[in-house]
Amino acid sequence: MSRSWRLPRGPSPLVRSGSGALADLGAIARERGHRRALITSDPGIAAAGITGRARESLESAGVLVEVFSDFAENPTESDVARAAEAAGVLRADSLVGVGGGSSLDVAKGAGFLLAGGGRMEDYRGYDKCPHPLPPLIGVPTTAGTGSEAQSYALISRDRDHQKLACGAPSAMFRDVILDPALLPSAPAEVVAATGFDSIAHAVETAVTSGRTDESVALSHRAFALLSRAFPLVTAGFTGATAWEEMQLGAFLAGAAIERSMLGAAHACANPLTRRFDVAHGRALAITLPRVVRWNASSARDAYRDLLGAAGIPPGDDPADTLASRLDAWVAMAALPQDLAGESLHVRDLPALAEEASAEWTGRFNPRPFDAAGALAVYRSAVA
Ligand SMILES: [Fe+2]
């Protein structure tokens, strides 16, 4: 049995949540008057059979469907251009992202190109598209990026793999299906990395210089849910409540990003992904605990409040308490604890730190963040 809700304030999709909610997809599309839908779904999700179920639900509601799966993690401008082309051939009136953050971002990206033409770089920033995007439906199958709660697509630029954040009011999914029964099909390492990404969103958004009462409430609720569920799902616990909490936590943390931005842990993680191909959640496992300690003097009270929301005693040094808890989760989930396993060398660090200091998200970190700060974070991660 699914239920229908939206966030009480600010931008939000209409959410259908509950185990088995995927079966509502066709009815949602029919209610909205969609006749021709392109599903964007990465090959792993298609192989798991989830894409086929989405397709069946739409087709049984009389919607003509094609599936676009020709992309991988960190989708590029070219991937999105090919998706838009497939949607054009179908004469799609709607786009349905089914999968992890990449599948959702390809749906949004194709929406920009269908609405305004050109290439993704033209839409970098916010509200650069002259026309509204076609209606979007999101069906996340991981608890991770929170893309399902945001009006931005993150697409990698072809020439240098720089992430282009392209936003617009209509890039927010009109409808989102949160079906926790879809989550356990993900491999354990994906559950660990994507789940830790959500935790990083809750932690970073709770302390940014741009946070508001509303964003902090979302960060706190997300952290409370994720701190309870993450140790359970990464330990292989199969209870439905834990998956539901992971999914809702990831959604709320994504909504918090929309209202608060991120911080230095993401700024330090992104160059590791770009230069050394470290998966986003794994890079955050290395950077987040270190950034929390580095931020201690600037965010002590905010970290205390965050711990309090999750019922974790803050101790004398809330930043250290939080960082230690993050370290424990990283170890428990078999995520990397430092840069020892990566192919980078100490001589790479200054250039990496320069790149990190140029990342947009670092500007919202509670402690002013620059290349020297990034270098301190990286140095502490080299064993
Ligand atoms: Fe992230």
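## Strands S2 and S10

Strand S2 (residues 14-17) and strand S10 (residues 175-178) pair in the parallel sense over four bridges; strands count as paired if DSSP finds at least two bridges between them. Ser17 stands opposite Leu178 in S10. Helices (H or I, at least four residues) and strands (E, at least two) are DSSP runs, numbered from the N terminus.

The model is predicted: local features need pLDDT of at least 70, side-chain atom pairs count only at pLDDT 80 or more, and totals for chains, interfaces and linings use all residues. Residues are numbered from 1 along each chain as its sequence is written, and side-chain values use heavy atoms, with hydrogens and water left out.

## The sheet and its helices

S2 and S10 belong to an open sheet of seven strands, with mixed pairing and the order S1-S2-S10-S7-S5-S3-S4. Strand S1 (3-5) and strand S4 (64-68) stand at the edges with a single partner strand each, so one side of each has no neighbour in the sheet. On average, neighbouring strands of this sheet are turned by 20° against each other, direction ignored.

Helix H1 (residues 25-32) packs on the sheet, touching S2, strand S5 (94-99), strand S7 (136-140) and S10; contact means heavy atoms within 4.5 Å. The direction of H1 makes about 170° with that of S10. Axes are lines fitted to C-alpha atoms, for helices over the stretch in contact, and angles run from 0 to 180 degrees between N-to-C directions. Helix H3 (residues 50-60) also packs on the sheet, where H3 touches strand S3 (36-40), S4 and S5, and its direction makes about 160° with that of S4.

## The iron site

Asp197 (OD), His201 (NE2), His266 (NE2) and His280 (NE2) coordinate the iron ion at 2.1 to 2.2 Å. Donors are N, O and S atoms within 2.8 Å of the metal (3.2 Å for Na, K and Ca); water is not among the atoms, so sites may look incomplete. The donor residues are spaced D-x3-H-x64-H-x13-H in sequence. His266 lies in helix H9 (residues 264-276) and His280 in helix H10 (residues 280-294), so the pair ties together parts that are 14 residues apart in sequence.

His266 is buried at 3% relative accessibility, while His280 is partly exposed at 23%. Buried means under 20% relative accessible area, exposed over 50%, and partly exposed in between (1.4 Å probe, protein chains only).

## Asp327

Asp327 lies in helix H12 (residues 318-332) and is partly exposed at 32% relative accessibility. Leaving aside neighbours within four places in sequence, Asp327 is in contact with Pro289 and Arg293.
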